[in-house]
Amino acid sequence: MDILEKGKESTKNILETIRTKKLVRRYTMLIIALLISACYFNLLQLPTQIVTGGSSGVSIILKHYIGINPSIVIFIISSVLLIVGAIFLGIEKTSGAVVSTFLYPVFIEITSDIGKWITVDLSDKILISIFIGVLSGITTGLVYKVGFSNGGISIISEIIAKYRKVPISGVSFTTNMVIVIFGGAAFGWNMVMYAAIILYIYSLVLDRVLIGISKNKCLHIMTSKEEEIKNYIMNELHHGVTIFDVKGGFLQKKRRVLMTVIPNREYYKLKEGIKEIDESAFFIVTDSYQVSGGA
């Protein structure tokens, strides 16, 4: 077995470990996320007829025109696209969507009468849109975070992105916007504006769920007073410093960079400290969403 084959085998082993790790917890999170999705669909989205794309958006439109049950529409679309995805993307790529494909329509049917038990004032569609955006971002984020997929219309985006060599985010946006426009034609163009609010909030919340809220800042510092700044960080702020060599692209001059990660609350102290020590210091600040390990 050559080095390349060994590398592929090692990668497969890692992926297999990830898939089998904490299975009960992962499936529990998936079931909770799908159940919440079904609840807010029947409680908020279906009654207000706000179409935001996806198979659920198509189901709202078809219910309006031909009265077909949304759970049936979602199941048919998701099942067909799961098969298509397995053909064009491979079984491994689409396996994460199998549970969602079968379980989500069941939850849609089970919670179809939730409006009889929970009374919500649906007159304020802006407030409803905010809630839908937040809940959809949280639930989708949870599904992705535990290694599964929502399946459905997103499989079309993955297929087009694969064979047309275009970014999947752009294809997904275009696909969903087509469904949103059909929703606007069916229920009025004001609904498109509400859908835009939902999709914007959804994208923000989804990012926060997937990568978290940054509690730390990572700084890369280039300075002529390396020792003084290093000592300030280590002795005054009590944080570690990593030093590595770099070379400028323009002058080809070798320099040294200090890297440190600090809590947000101490960013001001470090920033002002750097300025006091070396006013001409060059530093870059980025959010650090996860910090783990270290000697």
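Two strands count as paired if DSSP finds at least two bridges between them. Helices (H or I, at least four residues) and strands (E, at least two) are DSSP runs, numbered from the N terminus. With that in hand, to the sheet.

This is a predicted model, where local features need pLDDT of at least 70, side-chain atom pairs count only at pLDDT 80 or more, and totals for chains, interfaces and linings use all residues. Residues are numbered from 1 along each chain as its sequence is written, and side-chain values use heavy atoms, with hydrogens and water left out.

The sheet is open and has four strands, in the order E2-E3-E1-E4. Pairing is antiparallel. Which strands stand at the edges? They are E2, residues 242-247, and E4, residues 282-288. Each has a single partner strand, so one side of each has no neighbour in the sheet. Neighbouring strands are turned by 25° against each other on average, direction ignored. For angles, axes are lines fitted to C-alpha atoms, for helices over the stretch in contact, and values run from 0 to 180 degrees between N-to-C directions.

Now look at E1, residues 216-222. Seven bridges join E1 to E4, in the antiparallel sense. Leu219 stands opposite Val285 of E4.

Contact here means heavy atoms within 4.5 Å. Helix H12, residues 226-236, touches E1, E2 and strand E3, which spans 254-263. The direction of H12 makes about 15° with that of E3. Helix H13, residues 267-277, touches E1, E3 and E4. The direction of H13 makes about 10° with that of E1.

Next, salt bridges. The rule is a side-chain nitrogen of Lys or Arg within 4 Å of a carboxyl oxygen of Asp or Glu. How many does that give? Five. I will show some of them.

Start with Asp287 and Lys217. Their closest N and O atoms are 2.5 Å apart. Asp287 lies in E4 and Lys217 in E1, so the pair ties together parts 70 residues apart in sequence. Is Asp287 buried, exposed or partly exposed? The cut-offs: buried is under 20% relative accessible area, exposed is over 50%, and partly exposed is in between (1.4 Å probe, protein chains only). At 38%, Asp287 is partly exposed.

Then Arg256 and Glu226, which meet at 2.8 Å, N to O. Arg256 sits in E3 and Glu226 in H12, 30 residues apart, so to speak a link between distant parts of the chain. Arg256 is partly exposed at 42%. Glu226 is buried at 16%.

A further salt bridge joins Glu227 and Lys230, at 3.2 Å, N to O. Both lie in H12, three residues apart, about one turn of the helix. Glu227 is partly exposed at 40%, whereas Lys230 is buried at 19%.

Last topic: the cores. In soluble globular proteins, nonpolar side chains tend to be buried together. A nonpolar core is a set of buried Ala, Val, Leu, Ile, Met, Phe, Trp, Tyr and Cys residues joined through side-chain atoms within 4.5 Å. The largest one has 39 residues. Tyr104 and Phe187 have the most contacts inside it. Several helices each supply at least two residues, among them H2 (23-48), H6 (98-110) and H10 (168-187). H2 gives the largest share, nine residues.

What does Tyr104 touch, leaving out residues up to four places away in sequence? Its partners include Leu34, Phe41, Ile74 and Val99.

There is also a second, separate core of 12 residues. Leu237, Val241, Leu258 and Leu270 are among them.
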